[in-house]
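User: Could you go through a structure with me? I would like to start with the whole chain and then look at single residues.

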Amino acid sequence: MLHHINTIRTAGINPVVCINTFHTDTKDEVALVKKAAEKAGARCAVSSHWANGGDGALELADAVMDACNEKNEFKFLYPMEMKLRDRVAKIAQVVYGADGVVWSPEAEAKAKVFEADPKYNEYATMMVKTHLSLTHEPQRKGVPKGWSLPIRDVLVYSGAKFLCPCAGTISLMPGTASDPAFRRVDVDVMTGKVRGLF
């Protein structure tokens with residue numbers, strides 16, 4: 001959490017930390033997390049939206065509104081003119097805490113092609129890696145030191161204008177089935193309760 005707070009602050013804004021509470025959390029656990037977040041300079045809100053819906057997220061909504069009204073000095077992590085490999089190095093070092101990036105020969109060859117073609121200058125960089133770790137390895141927790149981010153491929157999504165460097169082993173989301181589960185989710189307009197989620 002502290003690493004993420006510091007990453008957000010590099011963008012010139014103060015983050016809002018939401019403590020998503022569950023019935024199994026103790027008051028001491030919540031207080032410990034809240035104290036650490038606030039000590040790091042973040043706004044902190046306790047939310048019980050999982051159990052109480054919108055009513056449980058009112059403190060979070062207030063914290064987000066306060067943050068939106070606060071003057072900030074927002075800046076992007078890198079300029080759009082920065083080349084793809086330089087962008088990935090910046091993301092790896094600043095956001096993930098890596099020492100650097102190691103490109104597979106195939107990925108580096110693709111990156112060079114994208115960098116040489118002005119058509120891709122306006123494409124955003126969308127990293128593809130596990131969400132379970134700052135690294136490319138899901139089992140590595142905390143804020144590891146002394147590692148490099150391996151880029152094994154670069155995918156291109158021209159419709160969205162994304163260049164997507166892939167780090168580590170990752171499964172891409174499959175297409176939606178012919179009868180997706182969202183068709184069974186609905187809101188009862190009389191009670192406001194959502195049904196079909198579980």
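User: Among contacts between residues at least 6 apart in sequence, what share join residues at least 24 apart?

Analyst: In the protein chain that share is 59%, where a contact means heavy atoms within 4.5 Å. Please keep in mind that this is a predicted model, in which local features need pLDDT of at least 70 and side-chain atom pairs count only at pLDDT 80 or more, while totals for chains, interfaces and linings use all residues. Residues are numbered from 1 along each chain as its sequence is written, and side-chain values use heavy atoms, with hydrogens and water left out.

User: How many helices and strands are there?

Analyst: The protein chain has six helices and eight strands, taken as DSSP runs numbered from the N terminus (helices are H or I with at least four residues, strands are E with at least two). From the N terminus on, the order is α-β-α-β-α-α-α-β-α-β-β-β-β-β.

User: And what part of the chain is buried?

Analyst: Of the 198 residues, 31% are buried, a word that stands for under 20% relative accessible area, with exposed meaning over 50% and partly exposed in between (1.4 Å probe, protein chains only).

User: Switching to charges, how many salt bridges does the whole structure have?

Analyst: The search finds ten, counting a side-chain nitrogen of Lys or Arg within 4 Å of a carboxyl oxygen of Asp or Glu. In one of them Lys110 pairs with Asp153, with the closest N and O atoms 2.7 Å apart. Because Lys110 lies in helix 6 (residues 105-116) and Asp153 in strand 5, this pair ties together parts that are 43 residues apart in sequence.

User: Are those two residues buried or exposed?

Analyst: Lys110 is partly exposed at 35% relative accessible area, whereas Asp153 is buried at 19%.

User: Which residues form a network of salt bridges?

Analyst: Arg85, Glu108 and Glu115 are linked in such a network. Elsewhere, Asp186 and Arg195 meet through their side chains at 3.5 Å, N to O, and Asp186 is partly exposed at 40%, as is Arg195 at 44%.

User: Now Thr21, where does it lie?

Analyst: Thr21 is in the loop between strand 1 (16-20) and helix 2 (27-39), and it is buried, with a relative accessible area of 13%. A polar atom of its side chain lies 2.8 Å from the backbone oxygen of Ser47. Setting aside neighbours within four places in sequence, Thr21 is in contact with Val30, Val46, Ser47 and Ser48.

User: Helix 2 came up there; what is its span?

Analyst: Helix 2 has 13 residues and reaches 18 Å from its first C-alpha to its last, close to the 18 Å expected at 1.5 Å a residue, the expected span being 1.5 Å times one less than the number of residues. Just after helix 2, Gly41 takes a positive phi of about 95°.

User: Which residue has a positive phi although it is not a glycine?

Analyst: That is Lys161, at about 60°, and its place is in the loop between strand 5 (148-157) and strand 6. For background, most residues other than glycine have a negative phi.

User: Last one, what does Gly168 touch?

Analyst: Not counting residues up to four places away in sequence, Gly168 touches His136, Pro150 and Arg152. Gly168 lies in the loop between strand 6 (162-167) and strand 7 (186-187) and is buried, with a relative accessible area of 14%.

Note on methods
Polar contact = N/O pair within 3.5 Å; in protein donor to acceptor, adjacent residues only side chain to side chain.
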